[in-house]
Structures are given as structure tokens and as C-alpha cells.
Amino acid sequence: MHTSDSLNFLSKLTLRRCANALAVLGSYYAAKILRRPIQWGLPFSISVEPTTACNLRCPECPSGLRAFTRPTGNLRADFFRNVMDELASDLLWLIFYFQGEPYINPAFLEMVAYAKSKKIYTITSTNGHFLDDDNARRTVESGLDRLIISLDGTTQEVYEQYRKEGRLDKVLQGAANVVKWKKALRSSTPHIVFQFLVVRPNEHQIPEAYRLAREIGVDEVKLKTAQIYDYENGHPLIPTQEKYARYRHNEHGRYEVKNRLVNHCWKLWHSCVVTWDGVVVPCCFDKDASHRMGSLRQQPFRSIWHSPAYRQFRTAILKGRDQIDICTNCSEGCKVWV
């Protein structure tokens, strides 16, 4: 985090939130050592899905591919407020993103403002196509703390190879609009990040991404590795520079996930995902919500978090992560270069 962003985050801390985070951390290490699904406290990070809809058709994204088998739709603001009323006191940050493009939900910024009223550090990730002048102003006014804008190429020709049906000029103008309104409203938020998903077609444009960020006034650039579904025999999106890839060649000439799959997972202890229709799933790799821990439309969060289903899933993680489908292509703690 940059200094102003760090200070903003620290301003949200309370004794209760810190105590809860320490309890969660302690239970994670106890579970690792004892190999038992010990879980204290409540998650201090949660991802909430504003919508499953997206205007783009990115090739490695279930939303872009329209490939969900689960129901699709928009998160309702009244339901979101109920969830926040239950969880806000223990949350350190809230990610308004899972699948889909958040700005497609017409109530999105209203929900951000509600989370802001609860003094939660809020983050969203967008493809940048809806940041017209009005939405840029409303974004700043909503109190959003961090705005991640996907910039996966610095020329239209390269950008559209991954961001199918996308327009780079709209993305750059959208970022400029938010920068303009931050200055006009004398706001230090949101902290604006260009996220550059490094794939083979764009890896040569990384220096240009940093230049564009400086020119526009974007606060930070983050380089992110790409998840590829069919990677074993190679893929045209896997970068040639191995440091930017999640995968490497093995001795059999096939590709494998770089990191060793260890039998524990920090995400299962400190965070979770809530889909637009209230289903709680373990993490962001469960894109089709196949591992359902419970529904917030039927029971309170606390009973789900400490339920037999969650204990069973954490036990399975501690016994053999390689037996769980969503874990096999996971890079928990995926490396990001700044």
C-alpha cells in the first residue's frame, strides 16, 4: 500500500476488528499444527458479488464465456445491507467483486456508500468501460477506497486479444475521469490501480503500462499472473517470461502449476465469497459456486461459518488439497509484481 492508502486503511481499524483478526490468525496456525479444522472468530475479508453479468467476453473467464451453470443475476441492495449489518463490525475490508462487471448493477455505488458508512475499507475491480464522467464522480463520492481497473494491453490491437469486445480508449478515459473528480472533490480516494494481467500477447507492453499510469495520474500498477484452465499442453496466453506465469515446464514436457500444493489454505480461515443470490462459497476459485457452504437467505452467517459443512471442507483441505477440484489450479498467495 502507498502511504495515503495505508493511512486510510489504518483509520478503519477498531479494537474489535483487530481482536477478531488475531483470533482468526491464531486459529489458522493452530489448525496447521494440529491438523484439525479449528476456527475462531469471523472472516475479516469478504468478497461480495454485485452481478454475474459482463459486457466483455474474455476467454479465460466464466462470466465472459457465459459458462455458468449456477443462477445469474444482480445483488439486491436491501439484501446487501442485511449482510453488512451482520458482518461489518468484524470486517477489515470488503471486495465488491467475484464474477461479472460490478458497474452493471445499478445499485452498486449505493452499496459502496453503505459499506463506507460502516467504516469498512472497500475495494472493487472493473474493466473500466462504465467510468463515464457521471459514474466517475459518483465513484469518488461513494467513498470507495480502492479502484482496480483492468489494463491488459496498451494498444487496442493487443488489448482486445484478451479483453474481447473491449475498447482501450474507454478504459483510459474512464481512469482519467476518476483522477479528474478526485482532484475536483479534493478526495484522496479511491486509490486507483491499473491491474495488468500478464499474458503472452501483452508481456512486451509492461513498461508502457507504467508510462500510461504516470501520464494519467493513476496511483499504482500491479502485474498479475493469469489463471489458465487448459494449461497442461501449453496455451497461447502463457507468457514466454516464466516469472510472469503461474505455470512451468516439467521434465515430461508438459506444464504444471509452479507452487507446491500444501495441505492448508489461509483463505479458508480469513475470507469467503458471497454470490449475488446469497450463497457462501469458500473462495474466489469456486467460480461456479460448486462448493456451497450455505445460503444467507436461509441462515445467519455465523452459523454457516462454523457449520459442519465448513468444518468438513477445512478438514478436507488439511488432509489433501490435491483432492479438491478448485484447489488444483490455485496459486494461493499468487505472486503479484509491483
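# Burial and helix packing, term by term

Visitor: Which residues is Glu-165 in contact with, leaving aside its neighbours within four places in sequence?

Guide: Glu-165 is in contact with Asn-55, Leu-56 and Arg-57 once those neighbours are set aside, where contact means heavy atoms within 4.5 Å. This is a predicted model, in which local features need pLDDT of at least 70 and side-chain atom pairs count only at pLDDT 80 or more, while totals for chains, interfaces and linings use all residues. Residues are numbered from 1 along each chain as its sequence is written, and side-chain values use heavy atoms, with hydrogens and water left out.

Visitor: Why is Glu-165 called exposed?

Guide: Its relative accessible area is 58%, and because exposed means over 50%, buried under 20% and partly exposed in between (1.4 Å probe, protein chains only), Glu-165 counts as exposed. Glu-165 sits in the loop between helix H7 (156–162) and H8, and its C-alpha atom is 8.4 Å from that of Cys-58, 107 residues away along the chain. Helices here are DSSP runs of H or I with at least four residues, strands are E runs of at least two, and both are numbered from the N terminus.

Visitor: What makes Arg-314 buried?

Guide: Arg-314, in helix H12 (residues 308–320), has a relative accessible area of 0% and is therefore buried. Apart from neighbours within four places in sequence, Arg-314 is in contact with Pro-37, Gln-39, Leu-268, Trp-269 and Trp-305.

Visitor: How do you know that Lys-267 is buried?

Guide: Lys-267, which lies in helix H10 (residues 267–270), has a relative accessible area of 18%, so the term buried applies. The C-alpha atoms of Lys-267 and Ala-31 are 13 Å apart in space, although the two residues are 236 apart in sequence.

Visitor: Why is Ser-295 called buried, and which polar atom pair involves its side chain?

Guide: The relative accessible area of Ser-295, in strand S11 (residues 294–295), is 13%, and the residue is therefore buried. A polar atom of its side chain lies 3.2 Å from the backbone nitrogen of Arg-297, inside the limit for a polar contact (N or O atoms within 3.5 Å, one able to donate a hydrogen and the other to accept it within protein, with residues adjacent in sequence counted only if both atoms are side-chain atoms).

Visitor: Why are H6 and H8 called oblique to each other?

Guide: Helix H6 (residues 133–142) and helix H8 (residues 168–184) pack at about 50 degrees, their axes 8 Å apart. Axes are lines fitted to C-alpha atoms, for helices over the stretch in contact, and angles run from 0 to 180 degrees between N-to-C directions. Angles under 35 degrees count as roughly parallel, over 145 as roughly antiparallel, 65 to 115 as roughly perpendicular and the rest as oblique, so H6 and H8 are oblique. Asp-133, Ala-136, Arg-137 and Val-140 of H6 make the contact with Asn-177, Val-178, Lys-180, Trp-181 and Lys-182 of H8.

Visitor: What makes H5 and H6 roughly parallel?

Guide: The axes of helix H5 (residues 108–117) and H6 cross at roughly 15 degrees and come within 9 Å, and H5 is therefore roughly parallel to H6. Here Leu-109, Val-112, Ala-113 and Lys-116 in H5 meet Asn-135, Arg-138, Thr-139 and Ser-142 in H6.
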